[in-house]
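This report covers pockets and salt bridges. The sequence and structure come next.

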Amino acid sequence: MEHHRIKRKENLPFLVLFAAFFLLHMWMPHIRDDRVIEQGMDFTDITFDYIGYLIGSKYQEWSSRIFINVMTLVMGKLPHIIWMLLDSGMVVLAAWSISSLTKETDRDSRRVNWFIVFLFFLYPFSHMATAGWKATTVTYWWALACGLYAMIPIQRWIQEEKILKWEYPLFFLAALYGANQEQMSAVLTGIYGCSFFYIIWKIRSGRKMEGIWFLGGLFLVSFIEFLSALFCPGNGVRMGDETAVWFADYGRIHLIEKLEIGISSAGYELFYSGNLCFLVLSGILFWLVWKQYSDFEYRVIAGVPFVGCLVTGSFYSLLSDSLPGLEKWKHALTSYGIITVENYTEWVSYLPLVGIGIEIGCLLVTVYLIFGNGWKTWGMWAVFLIGYASRVVMGFSPTVWASSDRTYLFLYMAVIVLAVFGYQMGVQRRIEMRIGERIFYVVGGVAFLSQIFAVLS
């Protein structure tokens with residue numbers, strides 16, 4: 001009885017999260033691709049023959065996202081309330097999966113779960129409206145939630161926890177759907193690959209690992225879907241069409257320039273846009289280093305990402321008049337990246353890009369200072385760099401700008417995962433964070449209210 005009471009308290013934050021996002025969904029309008037899909041499905045019956053035709057034709061002419069395409073049309077056919085419930089459930093699945101992936105003990109788990117809910121309130125969910133609420137969430141958020149859920153077997157193996165028989169098909173289906181989105185397929189392939197070799201190394205060291213075959217299967221699924229995205233005929237056709245519409249000069253851009261566009265766009269979203277999730281992450285890490293070390297240089301290293309995020313983000317409007325050069329730094333990113341044919345000979349043009357590199361380096365060093373030389377540090381580095389790479393690869397797509405903010409989703413989730421690990425470390429070490437937590441939750445509430453106003457406007 002006591003165990004069930006504890007579980008209810010642990011899950012209460014997720015119930016609140018579901019209720020809050022279901023409320024938010026009640027005000028979401030039918031916009032952009034949603035209207036097209038819903039109107040088109042008014043005259044179409046979803047049969048197995050139609051699904052088979054859809055999979056074949058879309059793969060040849062439009063996209064490798066065969067499962068996602070089918071689900072998008074199904075959601076356009078079903079009553080709107082079904083999508084509202086399922087999408088709110090996917091938000092909870094993503095949050096619950098992060099809780100499971102980062103959980104080490106049952107102690108303070110409810111407190112950590114509340115913190116995860118707060119971070120989800122900070123994520124700008126309006127990013128999911130860029131192609132229409134249904135079309136974007138089914139493609140991006142559902143792939144994210146399924147991908148996170150499909151990573152849970154890795155956490156189970158590392159902590160030597162048993163996977164129940166009925167969970168195997170759920171993890172497999174989640175990986176199948178999550179990897180059907182190009183960015184998520186790259187993320188899963190990278191994480192499964194790293195985990196597979198780590199577990200093989202553990203087995204060679206004498207540790208017994210059951211179910212390693214299943215991890216190999218999950219890696220194979222994600223890798224096949226990753227290759228499918230690379231060589232799908234429809235993706236090639238769509239890239240040609242979208243290049244002409246969204247980025248006519250894309251074909252003339254050098255490979256290095258495309259890489260720089262990806263690196264710069266990801267860096268600007270993290271460090272120069274007032275990103276609240278990253279501000280919380282860098283603030284927590286800075287506080288942990290401040291309490292753990294008295295060395296001035298360590299505190300400076302930890303403070304660089306936090307102060308940088310404040311100066312070029314949250315406090316930019318207050319400082320722009322006093323620091324006139326800040327405006328040029330803030331708006332250095334163009335459609336062709338930071339470094340362009342007009343400014344590549346001017347050394348000052350490279351400063352924003354160097355700043356991104358310094359902040360990333362300081363963040364990684366800060367993680368090392370806090371967590372030491374162990375698997376958690378390596379894991380957190382991998383999560384951040386893979387999340388960052390998920391946006392960098394968009395530099396190799398002509399829709400790098402047309403796809404808008406939704407492609408930052410996986411980068412945001414990597415930041416949230418690191419923030420949860422940092423928060424857990426503070427809780428475990430009994431580092432005083434209560435005042436900061438109260439500020440966090442007020443900011444989270446205001447941020448969620450602002451999302452409601454953004455949906456209504």
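## The largest pocket

α2 (33-41), α4 (66-77), α7 (133-150), α10 (182-204), α11 (212-231) and α12 (233-246) each give at least two residues to the lining of the largest pocket. Helices here are DSSP runs of H or I, at least four residues long, and strands are runs of E, at least two long, numbered from the N terminus. The largest share of this lining comes from α12, with six residues. The model is predicted: local features need pLDDT of at least 70, side-chain atom pairs count only at pLDDT 80 or more, and totals for chains, interfaces and linings use all residues. Residues are numbered from 1 along each chain as its sequence is written, and side-chain values use heavy atoms, with hydrogens and water left out.

The largest pocket holds about 1300 Å³ of space. Its lining has 41 residues, and Arg65, Tyr140, Glu182, Arg238 and Glu242 are the closest to the centre. By class, the lining of the largest pocket splits into 19 nonpolar, 14 polar and eight charged residues. Nonpolar covers Ala, Val, Leu, Ile, Met, Phe, Trp, Tyr, Cys and Pro; charged covers Asp, Glu, Lys and Arg; the others, Gly among them, are polar.

## How pockets are defined

Rolling a probe the size of a water molecule over the atoms shows where empty space is left. The search uses a 1 Å grid over the protein atoms alone and a 1.4 Å probe; a pocket is an open set of points with protein on both sides within 12 Å along at least five of seven lines, and lining residues have an atom within 4 Å of a point. Points are joined across faces, edges and corners, and a volume is the space filled by probe spheres set on them.

## The second largest pocket

The second largest pocket has a volume of about 830 Å³. It is lined by 32 residues, with Ile154, Ile191, Ser195, Gly379 and Val383 nearest its centre. Two or more lining residues come from each of α5 (80-102), α7, α8 (152-158), α10, α19 (375-392) and α20 (409-428).

α19 gives the most to the lining of the second largest pocket: nine residues. This lining counts 23 nonpolar, six polar and three charged residues.

## Glu10, Lys103 and Ser109

The structure holds five salt bridges (a side-chain nitrogen of Lys or Arg within 4 Å of a carboxyl oxygen of Asp or Glu). One of them joins the side chains of Glu10 and Lys103, at 3.7 Å from N to O. Glu10 lies in α1 (residues 2-26) and Lys103 in the loop between α5 and α6, so the pair ties together parts 93 residues apart in sequence.

Glu10 is buried at 6% relative accessibility. Buried means under 20% relative accessible area, exposed over 50%, and partly exposed in between (1.4 Å probe, protein chains only). Ser109 lies in helix α6 (residues 109-122). Ser109 is also buried, at 9%. Leaving out residues up to four places away in sequence, Ser109 touches Glu10 and Lys103 (contact: heavy atoms within 4.5 Å).

## Other salt bridges

Arg156, Glu161 and Glu167 are linked in a network of salt bridges. The side chains of Glu161 and Arg156 meet at 3.9 Å, N to O. Arg156 is buried, with a relative accessible area of 12%, whereas Glu161 is partly exposed at 38%.

Arg252 pairs with Asp249, their closest N and O atoms being 2.4 Å apart. Arg252 is exposed at 67%. Asp249 is partly exposed at 27%.
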